[in-house]
Amino acid sequence: MALQRSTQPYDRAFNFSAGPCTLPVEVLEEARDSLMNYNGSGASVMELSHRGKDYDALHMQAFADLRELMGIPEDYKIAFLQGGASLQFTMLAMNFLPVGTAADYIVTGAWGKKAVEAAKIHGGVPQVIYDAKASNYDHAPKLSDIKQSANSAFIHMSHNETIQGVDFMEEPSGEGIWINDMSSNILSRPCNVSRYAMIYAGAQKNMGPAGLTVAIVRQDMIDKIPDGLPPMLDYRTYFENDSMYNTPPCWSIYVAGLVYKWVKKLGGLEAMDKINSEKAKTIYDVIDGSGFYKGHAQLANRSKMNITFTLPDEDMTAAFLKEAKENRLLELKGHRSVGGCRASIYNAFPLEGCQVLASFMKDFEQRNG
Ligand code: PMP
């Protein structure tokens, strides 16, 4: 069977990278057009002072569009930070887990585990109340089975574990103080922000280029922040200065703002959910209909962002990856802790790419299965 080839603009390949990753072509085009002269200002969007009115307008619009898209209530503040979600692991502990106090952590994969280690470094006591290690992180617990411990300041979860391809697929009921790392599923489907005390995410999957991290924090949490933290590690510094206490990552915020507009134009988070569901189903259908490919995550927790699957052995996996690359299906190698393959198909990844991968997988199985 002749394999389908990319029909993407600019001869772009299908890039399944887990992040940084595929961005919307429309957004890249608009960013390109703003590189030399932004909005008639006479300067590149990268050259604008963050104290000027052109930059200020796009910065504040990005906050407003994110608030609208996610339906973020008024008693939550939004910060644009640097340092990645990895810095948030420590920073949230410095702000909400004073030295010697305890918090609950649910570990459903590699990032949840890192969050625990980073909270320990600061001197807080992260207590792991659920760890899916015994089944090599192939599932998440039912949230109705999780209760916040009496001594705990909050419960931390990683909504979508990027490496394992495991997503809770549900939200907490409202009881308990939940902090949620949504780095790899933010904006991919509707989210009931009011169920959480804090949500945070690195931008480089569903929101734009690397260099920007978003934190959304409820006012009652902000009121608990202890004095004496270094200013750049105290959330209040960001909230009190519209995230412009120092120079923000202007370019990343600009592109994220374009992504927010793009998601709004597509119909918002409900529309994204529909598109993402169809994309994921295209690939999961092949896995489910096959004795050759095996999905890593249990059915109830299968991520629609990161699809993890294995082939019968390592040689077959290497041959699959080599052929995939020759067919311009890039970055499909899975993380070594799971093995096999991972197809990351965030918001901007096109449906056509999922269809091409699905037909490639079927064809490869027919020839090698
Ligand atoms: N949490 C999750 C769920 C992630 O996927 C990642 C990065 N892949 C991180 C945290 C760490 O993010 P960063 O690289 O932005 O520090």
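**A first look**

A: Helix H8, residues 268-288, lies across S11 and S12, and runs at about 15 degrees to S12. Keep in mind that this is a predicted model.

Q: What sheet has the order S11-S12-S14, and how is the pairing there?

A: That is an open sheet of three strands, and the pairing is antiparallel. Strand S11 (294-295) and strand S14 (341-344) are the edge strands, each pairing on one side only.

Q: How many bridges join S11 and S12?

A: Two bridges, in the antiparallel sense, with S12 covering residues 306-310. Within that pair, lysine 294 stands opposite threonine 310 in S12.

Q: What do strands of a sheet pair through, in general?

A: Through backbone hydrogen bonds, and the pairing can be either parallel or antiparallel.

Q: Are S3 and S5 parallel or antiparallel?

A: Strand S3 (residues 102-107) and strand S5 (residues 152-158) pair in the parallel sense, over three bridges. Aspartate 104 stands opposite isoleucine 155 in S5.

Q: Switching to the ligand. Which residues are around it?

A: They are Gly84, Ala85, Ser86, Phe89, Trp111, Asn160, Thr162, Asp181, Ser183, Ser184, Gln204 and Lys205. By type, the shell divides into three nonpolar, seven polar and two charged residues.

Q: Which helix gives the most to that shell?

A: Helix H3, residues 84-96, with four residues.

Q: What about the side chain of serine 86, how far is an N or O atom there from an oxygen atom of the ligand?

A: The distance is 2.6 Å.

Q: And which side chains come up for a nitrogen atom of the ligand?

A: Aspartate 181 has a polar side-chain atom 2.6 Å from a nitrogen atom of the ligand. For lysine 205, an N or O atom in the side chain is 2.9 Å from a nitrogen atom of the ligand.

Q: How much of the ligand's accessible area does the protein cover?

A: The protein covers 86% of the 400 Å² of accessible area that the ligand has on its own.

Q: Last topic, the backbone. Is the peptide bond from glycine 19 to proline 20 cis or trans?

A: That bond is cis, with omega near 0 degrees. Proline 20 is found in the loop between strand S1 (14-15) and helix H1 (25-33).

Q: And asparagine 136, is its phi positive or negative?

A: Phi of asparagine 136 is positive, near 50 degrees, in a residue other than glycine.

Q: Where does asparagine 136 lie?

A: Asparagine 136 lies in the loop between S4 and S5.

Methods. Residues numbered from 1 in each chain as written. Predicted model: local features only at pLDDT ≥ 70, side-chain atom pairs only at ≥ 80, totals over all residues. Heavy atoms only, no water. Near = heavy atom within 4 Å. Polar contact = N/O pair within 3.5 Å; in protein donor to acceptor, adjacent residues only side chain to side chain. Areas by Shrake-Rupley, 256 points an atom, 1.4 Å probe, with all protein chains shown as cover. Nonpolar A, V, L, I, M, F, W, Y, C, P; charged D, E, K, R; others polar. Pairing = 2+ DSSP bridges. Contact = heavy atoms within 4.5 Å. Axes fitted to C-alpha atoms, helices over the stretch in contact; angles between N-to-C directions.
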